[in-house]
Amino acid sequence: MPLRLTSPQFRAFSTKFDKFELYGGRPIPANKERLIPTSGSYPKGFKVGSTRAGIKPADNIQPDLLIVASDTPASGAAVLTKNEFCAASVTVTRELMRRTNGAGLRGVIANSGCANTLTGQAGLDDAISMGRRAAKCISTGTADEGSSLMVMHTGAGAQRLPIDNILNHIPKLAQNMGNTHGHWLEAAVALSTTDTYPKLMSRTFTLPSAPKTNFSLAGLTKGAGMVHPNMATTLGIICTDAPVTLTALQILLRGAASKSYNCISIDGDTSTNDMVAMFANGAAASSDQPAVDVSPEPSADFVALQHVLNGFMSEMAKLVVRDAEGASKFITIRVRGSPSYDAAHHIASVIARSVLWKTGIYGLDPNWGGILAALGYSLLDTPFAGKGIIIPEQTSVSFMDGSEVVKFLDRGVPVPVDEAKIKQIMEEEDLETIVDLRHGMSEDIAPEEAVYWTCDMTHDFISMNSGVEIRVVFPPHYESFKIGGVPEPSALSTKACFLLNIYVPMEQPPRKKRFSSQEERALIDKYKIKFEGPVSPARWPEQNLAIFTIIRKIEDIKYNTYLEQTHTNTPKGIQRAKTVNKVNRLVSAAYDCRDLEANEWTWRSKTEFPLLEFFEEDIECRKCQQRRWAPEFCAPIAPNEERVQTAHGEMGICQCSESGIDGYGAIDKNAIFAGQPHAGITDISVPEIRTKYPDRVIGLRRTPILSAGLRRHPSLVSCPVKDADHILFPFLIIEAKSEIQTSGFTAIEKQTAFPIKRLLDIQKALRKRRQEPEENSLVWFLAFSGDEWRLYGCVPRADETVRFFEEIYIPY
């Protein structure tokens, strides 16, 4: 019911809000899903766990307590905030590092939802209790009076931790530990506050002393606001299974932080809780592998790991900036031509803090005058002042437009720039500006440029951080003024906040028409897209008969029959045991989500991601060179593909412990498939339709061999998916809808019809180039509506009709 006022006077009420409560646990934005990994390579000998301990607000069901621990004592290093009002976690960790020098550490326990700042001795006692309790719960733990775990807090400040809740949940936390992609991703979620997506990275690398050994790096990070570096910024946890000495690890971390986390700024504020920790346990090294060391001089391994870590942490730091509170632009600042790297770095940091410039960027104005203003005062009251580093007559300012340099200032002289070019540059999400202090002489003066990453300053940032009263004013005669959903003043909570923003109208590009359901169906008919099914085998296309028959056979498999061979010591038995174990874990995760009444993101991270990471796993075991997995039903191989047939016949199933029944081991070496969630696809042959975003698209992974082949055919389109050039020739689309939100499969079919048509057109062009029948193109479409799913085989016909043959229709 709308609120009714009987008095003809203005009425108002107000409230304050907590941004962590209001903005925490939001749905992941469409343009951020591409940043979430669907698989990874995680270091041996580490386990992570996460759980919900009731630290975050009651209606945020995301986990808020996590632990990252090594199975054995490890080397540890940390860089900590220099803020004088540091949180209890920083004080406790600093004391731990002073006492142990980083030796014999097991890992870190962290929480989100409460920063535990300005809480005095009680807060310190709480942080110490967290570390001690967690250390005692780790299997074969070596806790002493001071614990063997670092402690991290993040969230709202000036309030105590719910320490009893935390201590009671730590045993459960330890029991839930593991080393799968799901464990690491859920831990990244647990570290989040106002983050819009979990930040997780991993990679493999080798060292000169062990070129055949694959070591792994994994990193969790967070941060969306109160980010400006001072020895560290935000929170970060990095683990490696390479052996590294204590001294080398601290030097490596501090050096990498100076070129990564110390090169980002969101709002210019250094947090009270900043901390980046790194652990190395050497679990992947052989018994005679020397530890990476820096004494008596840096080893070749040290130099190699330094290069890897610098790049890895730079990418982690950029993930933080891409999730800056309210930001719409990711900005790279490059300062060249300074005789001192430190001076160039300082100049870049001052530009990155310029509110004038950053608000101009938000308004799609390059505002290079704001850059010059910041540059002009950047070195005042610094050791670099008065040394002639900044000379206006030699200074140039440019923006990058792809690979093209667009100058706005050339040696102190403004350069006219076409308005259309400016608009084209500023509409990009990623911007790059170059400040050259010695144009034309940079390489002779300073071979190493200073790079900084920042973002724009937006209305949303102010809304999230203002902390002021938000007023809702009702005009006279409100009886005739309806706004649905406004609560009574007495019912207004901190979650119900209303913002009145005044925006200056800006010119917007023309938007494509939003079609009604009937109009979209008419377009589908216009472009000859037909949904047929279920259809009998007699009507299946001849070229697809073999593969459709195999798919139909899968439908007939009963689970109990499938289980009968899981315990036989045969390749098929081993393969089935792996599959059954994965199914059991998925079922258990689904029950957990149901019991917790989980939101969409938790459901997807617990079930969808572990299921689909199968597509991105290794084909070949690193130890025995046999198949790490093999399908029980294989698609027919064309007679002319003799090499493929030979390879299929020669490879057996891996039975190594690394990839045995309990898991699939490390990945990321020979994976041949890649996926993209929320994939934006535009069908250029259908100008009436907007970009569509299927839930997920899967195709071939871009490998060096495939990339080399495509370079010989530059006109051949290999992937229409926005921001997903790692995928080639997608062949599977997945779309799911809730029954209560849509009209069943009809809505799903309409939404996905044109993306599938686009994928088929790409396959047809490839087959035409290879002089093969275009009708052999095939795209699979997996559709979910509520508790039912359907599988479609989508093929082009000679009459230019696109037909979706529904092959399987199974209600759960």
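**Sheet packing and salt bridges in the predicted model**

Helices (H or I, at least four residues) and strands (E, at least two) are DSSP runs, numbered from the N terminus.

The structure is a predicted model, in which local features need pLDDT of at least 70 and side-chain atom pairs count only at pLDDT 80 or more, whereas totals for chains, interfaces and linings use all residues. Residues are numbered from 1 along each chain as its sequence is written, and side-chain values use heavy atoms, with hydrogens and water left out.

Two strands pair if DSSP finds at least two bridges between them. Strands of a sheet pair through backbone hydrogen bonds, either parallel or antiparallel. Strand E10 (residues 330-336) and strand E14 (residues 430-436) run parallel and are joined by 7 bridges; Ile-331 has Leu-431 in E14 as its bridge partner.

Salt bridges (a side-chain nitrogen of Lys or Arg within 4 Å of a carboxyl oxygen of Asp or Glu) number 20 in the model. One of them connects the side chains of Asp-126 and Arg-160, at 2.9 Å from N to O. This pair links distant parts of the chain, 34 residues apart: Asp-126 is in helix H3 (residues 120-137), and Arg-160 is in the loop between strand E5 (149-156) and helix H4 (163-175). Accessibility is classed as buried under 20% relative accessible area, exposed over 50%, and partly exposed in between (1.4 Å probe, protein chains only). Asp-126 is buried at 6%, while Arg-160 is partly exposed at 45%.

Lys-199 and Asp-195 form another salt bridge, at 2.6 Å from N to O. Lys-199 is buried, with a relative accessible area of 1%, and Asp-195 is buried at 5%. In the salt bridge between Asp-410 and Lys-407, the N to O distance is 3.7 Å; Asp-410 is partly exposed at 23%, and Lys-407 is partly exposed at 25%. Through shared partners, salt bridges join Asp-195, Lys-199, Lys-222 and Asp-323 into one network.
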